[in-house]
Amino acid sequence: MTPDTTTDGKVFGKGRPRDGAIDVAVLAAARELLVEQGYARLTVSAVAERAGTTKTAIYRRWSGKQDLVHDATFSGMTVLSASTGHVADDLEVMVNRAREVFNSPVTRAALPGLVTDMAADPELHRRVIEGFASVFAAFRDRLVAAVDTGEVRAGTDPDRVVEMMGGAAMLRALLLPDVELDNDWGAGLLAVLEYGVLVD
């Protein structure tokens, strides 16, 4: 029998096939507790109790609290879909998606703790960055194509555009955790991006 693996390639050893229902219950419990208690107070024991499972079952799947919180945060996110066909509309979709991601109660509860722990954990740092990048990967690819076709200003760096958008949303969520990224905030960021990216 082959070892159990997750979608990101983690191996859990030989034995009976892993019960996927436990994964779902644990991730749901982690999200609930993050919102209710915050990152600092969340414990694997509390997650196990809420999910109706054991700490042992959780540690078979996740290396620890940080790993679990990462998956609880990012596994619930949906990635941006294909282009609308117009760069200006794509920019608006991207900004609105950023608002959704960083207005999420789960993201807001997890973000401060994950950012703190990233400083001492290079692997966690890599996974968090990749998690956010995956959400906006389709838009980045759209910008790459737009540069080639001249739909955006020559010299536009797609990675910097995504960083500007994601960085602005993340910083706002960290500094003002109780303030929503509302329509006015989104419109302001969109205006800046359009001014810097779109061809006159």
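# Aromatic pairs and helix packing in a helical chain

A search of the whole structure turns up two aromatic pairs. Rings of Phe, Tyr and Trp (its six-membered ring) pair if their centres lie within 6.5 Å. This is a predicted model: local features need pLDDT of at least 70, side-chain atom pairs count only at pLDDT 80 or more, and totals for chains, interfaces and linings use all residues. Residues are numbered from 1 along each chain as its sequence is written, and side-chain values use heavy atoms, with hydrogens and water left out.

**The aromatic pairs**

- A pair of aromatic rings is described by the distance of the centres and the angle of the planes.
- The ring centres of Phe74 and Phe132 are 4.8 Å apart and the planes stand at 85 degrees, so this pair is edge-to-face. Planes under 30 degrees apart count as stacked, over 60 as edge-to-face and the rest as tilted.
- Phe74 belongs to helix H4 (residues 65-74) and Phe132 to helix H7 (residues 122-135). The pair links distant parts of the chain, 58 residues apart.
- Phe102 and Phe132 form a stacked pair, with 5.3 Å from centre to centre and 20 degrees between the planes.
- Phe102 lies in helix H5 (residues 87-103) and Phe132 in H7, so this pair ties together parts that are 30 residues apart in sequence.
- Phe74 and Phe132 are buried, and Phe102 is buried too. Buried means under 20% relative accessible area, exposed means over 50%, and partly exposed lies in between (1.4 Å probe, protein chains only).
- Phe74, Phe102 and Phe132 form one aromatic cluster.

**A charge over a ring**

- The charged end of Lys65 sits over the ring of Tyr39, 4.5 Å from the ring centre. The rule is that NZ of Lys or CZ of Arg is within 6 Å of the ring centre and within 35 degrees of the ring normal.

**Helix packing**

- The axes of helix H1 (residues 20-37) and helix H2 (residues 44-51) come within 8 Å and cross at roughly 120 degrees. Axes are lines fitted to C-alpha atoms, for helices over the stretch in contact, and angles run from 0 to 180 degrees between N-to-C directions.
- That angle makes H1 oblique to H2. Angles under 35 degrees count as roughly parallel, over 145 as roughly antiparallel, 65 to 115 as roughly perpendicular and the rest as oblique.
- In H1, the residues that meet H2 include Ala25, Val26 and Leu33. Among their partners in H2 are Val47 and Arg50.
- Helix H8 (residues 137-149) and helix H9 (residues 158-175) pack at about 140 degrees, with axes 9 Å apart. H8 is therefore oblique to H9.
- Phe139, Arg140, Leu143, Val144 and Val147 of H8 make the contact with Pro158, Asp159, Val161 and Val162 of H9. Contact means heavy atoms within 4.5 Å.

**The chain as a whole**

- The chain has 10 helices and zero strands. Helices (H or I, at least four residues) and strands (E, at least two) are DSSP runs, numbered from the N terminus.
- Of the 200 residues in the chain, 40% are buried.
- Among contacts with a separation of 6 or more, 65% join residues 24 or more positions apart.

**A look at Lys55**

- Lys55 is in helix H3 (residues 55-61) and is partly exposed, at 40% relative accessibility.
- Lys55 and Val44 are 11 residues apart in sequence and 6.5 Å apart in space, C-alpha to C-alpha.
- Leaving aside neighbours within four places in sequence, Lys55 is in contact with Val44, Ser45 and Ala48.
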